[in-house]
Amino acid sequence: MKPDEPLYFCDVCAGPGGFSEYVLWRKRWRAKGFGMTLKCENDFKLDEFLAGSAEYFEPFYGQNGVDGDGDVTSEENLREFKRFVLEQTNNQGVHFFMADGV
């Protein structure tokens with residue numbers, strides 16, 4: 001990773017987003033995160049991020065984008081998430097991938 005390059009990461013099955021908030025806090029503005037989780041009461045709580053800025057984190061829910069359901073067992077959702085992340089990172093992908101699902 002080049003010093004001026006942002007740290008790209010994914011956080012899946014990760015609502016409400018504590019691990020992402022931590023990474024954003026540690027890296028400040030030099031990180032960009034992408035996440036997918038089920039849309040439900042445990043969705044990402046970006047408005048509650050205190051340590052790191054939610055400005056550098058983009059939730060995506062698979063098929064239908066932000067209007068999708070975030071179900072990681074759906075192959076179509078995973079394909080759409082991959083497409084979105086590659087599009088947002090100029091086809092570079094991410095430096096690391098986290099998942100907190102059971």
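Author: Let us begin with Arg79 and Glu75, which both lie in helix 2 of this predicted model. They are 4 residues apart, about one turn of the helix.

Reader: How do the side chains of Arg79 and Glu75 meet?

Author: The general idea is that side chains of opposite charge can pair when their charged atoms come close. Here, Arg79 and Glu75 form a salt bridge, with 3.7 Å from N to O. Glu75 is exposed, at a relative accessible area of 59%, whereas Arg79 counts as partly exposed at 46%.

Reader: With which other residue does Arg79 form a salt bridge?

Author: Arg79 also forms one with Glu76, where the closest N and O atoms are 3.2 Å apart. These two residues of helix 2 are 3 residues apart, again about one turn. Glu76 is partly exposed, with a relative accessible area of 26%.

Reader: How many salt bridges does a search of the whole structure find?

Author: The search finds 5. Another one joins the side chains of Glu80 and Arg83, at 3.0 Å from N to O. Glu80 and Arg83 are 3 residues apart in helix 2, a separation of about one helical turn.

Reader: Across which strands does helix 2 lie?

Author: Helix 2, residues 75–88, lies across strand 1, strand 2 and strand 3, and runs at about 165° to strand 2.

Reader: In what order do the strands of the sheet stand?

Author: In general, strands of a sheet pair through backbone hydrogen bonds, either parallel or antiparallel. This open sheet has 4 strands in the order 3-2-1-4, with parallel pairing. Strand 3 and strand 4 stand at the edges with a single partner strand each, so one side of each has no neighbour in the sheet. On average, neighbouring strands are turned by 20° against each other, direction ignored. Strand 1 and strand 4 run parallel and are joined by 4 bridges; Phe9, for instance, has Phe96 in strand 4 as its bridge partner.

Reader: Which residues of helix 1 are buried?

Author: A residue is called buried when its relative accessible area is under 20%. In helix 1, residues 18–27, the buried residues are Ser20, Glu21, Val23 and Leu24. Seen down the helix axis, they fall within an arc of 160°, so they line one face of helix 1. They pack against strand 1, strand 2, strand 3 and strand 4.

Conventions: Residues numbered from 1 in each chain as written. Predicted model: local features only at pLDDT ≥ 70, side-chain atom pairs only at ≥ 80, totals over all residues. Heavy atoms only, no water. Buried < 20%, exposed > 50% of the residue type's maximum accessible area, 1.4 Å probe, protein only. Arc of directions from axis to C-beta. Contact = heavy atoms within 4.5 Å. Pairing = 2+ DSSP bridges. Axes fitted to C-alpha atoms, helices over the stretch in contact; angles between N-to-C directions. Salt bridge = Lys/Arg side-chain N within 4 Å of Asp/Glu carboxyl O.
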